[in-house]
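Here is a quick tour of a predicted model, written for someone who likes to know the cut-offs behind the words. Have the viewer open as you read.

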Amino acid sequence: MFPPSNFTGSATTSNVVISPQQLQQAQQPLQPQTIKFQIPPLAPSRGADSAQINIVEFGDFQCPFCEKFFQETEPQLMKDYINTGKVKFYFEGIEFVGPDSLTLGQGSWCANEQGKYYEYHDQIYSNQGRENSGWGTPDKVKVLASGISGLDTKKFNSCLDSKKYESQVQELTLFAQKAGVTGTPTNFIGNYQKGYIPVVGAQPYDVYKQIIDKMS
Amino acid sequence: MLVMKSAFQRVFKNPRYVILSILISFFMFFVFILANNFSTFVTVLSLGPSPKLLVDVITNGSANILYAAGPALFASIIVVCILSGITISMIVCQLQVTRSFGGKKNLASVGGILGGGFASACSACSATLASIMGAAGGLAIFPLKGLEFSLPSIGILVVSMYFISKGLTESGKCKI
């Protein structure tokens with residue numbers, strides 16, 4: 001895991017990792033479309049470091065389909081692939097649905113300061129409200145975060161108020177757009193060598209399973 | 001209303017038009033799901049032939065409309081599909097009888113059908129057909145979550161059916 005400040009400090013459009021050389025789109029008949037990119041060195045991962053396949057989810061904490069993916073597909077992926085060491089899972093929170101998504105995204109990095117990135121991810125998706133209905137304002141996010149076991153809420157609240165991760169979420173959103181993300185959740189399955197196959201939306205588990213098995 | 005009732009009785013007395021309507025209704029629903037989940041279909045097809053997986057994606061796409069936009073939008077999309085099936089069958093019937101498409105009034109039904117496509121939510125936030133038209137948030141930015149498209153579509157299709165019915169009543173009955 002990289003300290004977020006490494007990214008924030010040098011985050012400009014030109015060095016957000018992706019470039020025309022890195023983003024090679026190869027489309028052949030009867031071949032899945034693959035995209036090559038380096039995972040932004042920010043988000044911690046779930047799963048074994050030795051895993052050969054990555055799932056990189058670009059999601060919005062306000063998006064109901066991301067919540068559906070979290071509730072229905074992620075647990076199966078955890079059981080069959082992530083907990084068995086075959087796949088490493090990254091969640092990258094981006095701002096897609098509305099302004100509160102930016103606040104919710106910043107919250108994940110504030111939680112990450114205390115090693116609670118995925119605890120926050122799980123807590124927010126487990127308590128998601130309707131899009132742009134006001135459940136993701138800073139005050140509401142603080143209340144939600146207070147339910148995370150072991151989180152220093154004073155530290156978290158002061159981090160959220162400082163908005164120090166605002167540009168980081170914006171840069172990740174830009175990165176996602178450059179990688180071709182047009183909707184959330186978009187899961188990229190693969191690795192840098194083989195490229196990533198994008199899966200847009202909350203699709204059935206078997207779609208992910210088939211791609212992972214093909215890439216393995 | 002009488003004009004429409006009379007035309008309906010003439011057209012759908014022939015079971016072939018009933019079957020045609022049903023087939024077109026299902027086909028339209030499939031097209032709406034396909035159009036809004038296009039990239040997933042491409043990925044699934046490129047992985048190899050798997051009819052089960054395709055059926056799963058279609059079923060999941062249908063369930064996602066219900067999940068994200070609620071029963072009102074889902075029901076309105078079903079109505080658009082059924083009306084599309086009936087309208088297209090009536091246009092086919094009209095073509096058989098008059099040997100002409102029926103002009104600009106019938107063309108309005110295409111607008112009604114397209115509205116159904118725009119109303120169909122896809123399985124992701126912001127990736128609907130509506131977002132192609134510049135609505136960056138997809139259907140999420142519309143207060144009625146897509147009913148803004150599907151309700152006018154229903155209206156357009158009903159008006160189209162009226163004009164087709166009128167044309168059919170004036171020209172005689174359908175033959176296949």
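## Chain B, end to end

Starting at the N terminus, chain B reads α-α-α-α-α-α-α, that is, 7 helices and 0 strands. Helices here are DSSP runs of H or I with at least four residues, strands are E runs of at least two, and both are numbered from the N terminus. Chain B has 176 residues, and 47% of them count as buried. Buried means 20 or more other C-beta atoms within 10 Å of a residue's own, exposed means 12 or fewer, and partly exposed is in between, with C-beta atoms placed from the backbone.

Among the contacts in chain B between residues at least 6 apart in sequence, 80% join residues at least 24 apart. A contact is a pair of C-beta atoms, placed from the backbone, within 7 Å.

Some bookkeeping: residues count from 1 along each chain as its sequence is written, while chains are lettered from A and ligands numbered from 1 in the order in which they are written. As this is a predicted model, local features need pLDDT of at least 70 and side-chain atom pairs count only at pLDDT 80 or more, whereas totals for chains, interfaces and linings use all residues.

## The bent helix

Helix 4 of chain B has 48 residues, yet its end C-alpha atoms are only 41 Å apart, against the 70 Å a straight helix would reach at 1.5 Å a residue. The expected span is 1.5 Å times one less than the number of residues.

Where does helix 4 of chain B kink? Look at B:Gly70, shortly before the proline B:Pro71, where the kink is about 130°. The bend is the angle between axes fitted to the seven residues ending at a position and the seven starting there.

## Where the chains meet

Chain B puts 22 residues into the contact and chain A puts in 27. On the chain B side, helix 3 (38–46) and helix 4 are the elements that give two or more residues, with helix 4 giving the largest share, 7 residues. That side splits into 11 nonpolar, 10 polar and 1 charged. Here Ala, Val, Leu, Ile, Met, Phe, Trp, Tyr, Cys and Pro are nonpolar, Asp, Glu, Lys and Arg are charged, and the others, Gly among them, are polar.

## The core and a buried strand

The largest nonpolar core has 91 residues, and A:Phe65, A:Val87, A:Ile189 and B:Met90 have the most contacts inside it. Helix 4 of chain B (51–98) supplies the largest share, 16 residues. Such a core is a set of buried Ala, Val, Leu, Ile, Met, Phe, Trp, Tyr and Cys residues joined through C-beta atoms within 7 Å.

Beyond neighbours within four places in sequence, the contacts of A:Ile189 include A:Ile53 and A:Ile55. Both of these are buried on one side of strand 4 of chain A, and A:Asn54, A:Val56 and A:Phe58 are buried on the other. Because 7 of its 7 residues are buried, strand 4 (53–59) is largely enclosed by the rest of the structure. Strand 4 runs parallel to strand 5 (87–93) of chain A, joined by 7 bridges; pairing takes at least two DSSP bridges.

The peptide bond from A:Thr184 to A:Pro185 is cis, with omega near 0°. A:Pro185 sits in the loop between helix 7 (166–178) and strand 6 (186–191).

Methods
Two residues are in contact if their C-beta atoms, placed from the backbone, lie within 7 Å.
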